[in-house]
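Visitor: Please take me through this structure a piece at a time. I will ask as we go.

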Amino acid sequence: MTTGSFSFSASPSHPATISKETVSRTRWPLILGLIYAAAVCTQTMAATAQPASASVEWPVQDGAFDITNFRFHDGQTLPTLHLHYLTLGTLHRDSQGHADNAILLLHGTGGNARSLLAAPFSRELFGPGQPLDITRYFLIFPDNIGHGQSSKPSDGPHMHFPAYDYDDMVAGQHVMLVDGLHVDHLRLILGTSMGCMHAFVWGETFPEFSDALAPFACLPVEIAGRNRMMRYMAIDAVKRDPAWKNGEYTAEPELGLRTAAKLLFIMGSSPRQLQKDFPTRTSAEQRIDAYLDRAVARMDANDFIYYVDASRNYNPAPKLSTVNAPVLWINSADDFINPPELSIAEQMVKQMPRAKFVLIPISDATRGHGTHTLAAVWRDDLVEFLAQTERK
């Protein structure tokens, strides 16, 4: 792995700095390549029929690992912590038996293991010769604690479920990797939004575990100011709905969830794109009605409270200088959750010895906070970063 230093950089035009030509890559088993090629053909033919955020049907493998008597950071324990995950590709080990091609991909708040299989992300990254080519790398997608098919309040405990935080989530990921998948080292940790924050926690907690970190769409400081206020208001809206009943509801507290979903929409939205795509009052109102109906139908109130509040103890700032792995940190200028006018990133990146921060300017290609999943926008930066951190 190279040891070149990285520094803050931002360009008004964010020009591409590296050719899109692909270097030759060693191929893993032929059978995987054949399955993969068939999947790509199917995805290409169906592309125009799918919504932009639709998951692509990659040849994923389901997996799960149960951790017995998992102890949370506040002292609570869970007899069995069930962690579900998906994988793509084949794990490879070096001559000493250490994993050398595993990549951990971490979803955002309220997401799940399939979130980063979305077409705008996976079609730009997982294909032959692409940055995270699944015939070269072993990709791991966890359902983090409180999400997807992993242990969560809605499994039965409701508000008696342990009050997990980001440290607990990263600790669970580590045990799952080491004891469940027998992965003792990672080539890269790439996380979006909540996963971005998890990447910083990984860098401090397990500084030698990954060759490189790619946190996208977050800040490595305490969740405070407007960010915490919005989260607090969303949680408060659910708890103040009489139908919530302290978490023992028989029907979802729809009014509270609907208010919370409105806040989430604002947090993740892009004014430029919304004005362009919904230029009339009628179209704007119809879009919101459809969004709220869909969002609320998918939400569980207790799960929502837990995963929105899980960031309450997050604050890597005091120990950020201990993050010694190379870091590619990318935010977008239209991110309402992590606004660039706070100037936090420019200061915090200096505390990490091998970090580069890229601020993507607002354009027709960006989508606010959700730019983290639009790989076409930042793909070239990732290609360059992987080349710079390649083991020699």
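Visitor: Where does H369 lie?
Guide: H369 is placed in the loop that runs between β9 (355-360) and α11 (375-388). Helices (H or I, at least four residues) and strands (E, at least two) are DSSP runs, numbered from the N terminus. This is a predicted model, in which local features need pLDDT of at least 70 and side-chain atom pairs count only at pLDDT 80 or more, while totals for chains, interfaces and linings use all residues. Residues are numbered from 1 along each chain as its sequence is written, and side-chain values use heavy atoms, with hydrogens and water left out.

Visitor: Is H369 buried or exposed?
Guide: H369 counts as buried because its relative accessibility is 8%. Buried means under 20% relative accessible area, exposed means over 50%, and partly exposed is in between (1.4 Å probe, protein chains only).

Visitor: With which side chain does the side chain of H369 make a polar contact?
Guide: The partner is the side chain of S193, at 2.7 Å. A polar contact is a pair of N or O atoms within 3.5 Å; within protein, one must be able to donate a hydrogen and the other to accept it, and residues adjacent in sequence count only if both atoms are side-chain atoms.

Visitor: And which residues does H369 touch, not counting those up to four places away in sequence?
Guide: They are S193, A217, M267, G268, D334, D335, I337 and N338. Contact means heavy atoms within 4.5 Å.

Visitor: A217 is in that list. What is its phi?
Guide: A217 has a positive phi of about 75°, although it is not a glycine. Most residues other than glycine have a negative phi. A217 sits in the loop between β7 (213-216) and α5 (225-239), and it is buried because its relative accessible area is 5%.

Visitor: What about the phi of N69?
Guide: N69 also has a positive phi, of about 50°, and is not a glycine. N69 belongs to strand β2 (residues 61-71) and counts as exposed because its relative accessibility is 53%.

Visitor: Which residues line the second largest cavity?
Guide: The lining consists of F216, A217, I330, N331, S332, D335, I360, G368, H369, T371, H372 and W378. H369 and A217 are therefore both among the lining residues. The space is about 60 Å³, and strand β8 (residues 327-332) gives the largest share of the lining, 3 residues.

Visitor: And how much space lies in the largest cavity?
Guide: About 70 Å³. Its lining includes L219, N331, N338 and F357, and α10 gives the most residues to it, 3. The lining divides into 7 nonpolar, 3 polar and 1 charged. Here Ala, Val, Leu, Ile, Met, Phe, Trp, Tyr, Cys and Pro count as nonpolar, Asp, Glu, Lys and Arg as charged, and the others, Gly among them, as polar.

Visitor: Now the core. How many residues has the largest nonpolar core?
Guide: It has 74 residues, and those with the most contacts inside it are I140, I145, Y164, L177, V183, F304 and W329. Helix α4 (residues 194-205) gives the most to this core, with 7 residues. A nonpolar core is a set of buried Ala, Val, Leu, Ile, Met, Phe, Trp, Tyr and Cys residues joined through side-chain atoms within 4.5 Å.

Visitor: Why is helix α9 largely enclosed by the rest of the structure?
Guide: Helix α9 (residues 301-309) is largely enclosed because 9 of its 9 residues are buried. F304 is one of the buried residues of α9, which pack against α5 and α6 (254-268).

Visitor: What caps the N-terminal end of α9?
Guide: D300 does, with a side-chain oxygen 3.2 Å from the backbone nitrogen of N302.

Key: 1 Å grid on protein atoms, 1.4 Å probe; cavity = no way out; pocket = protein on both sides within 12 Å on 5 of 7 lines; lining within 4 Å. Points joined across faces, edges and corners; volume = space filled by probe spheres on them.
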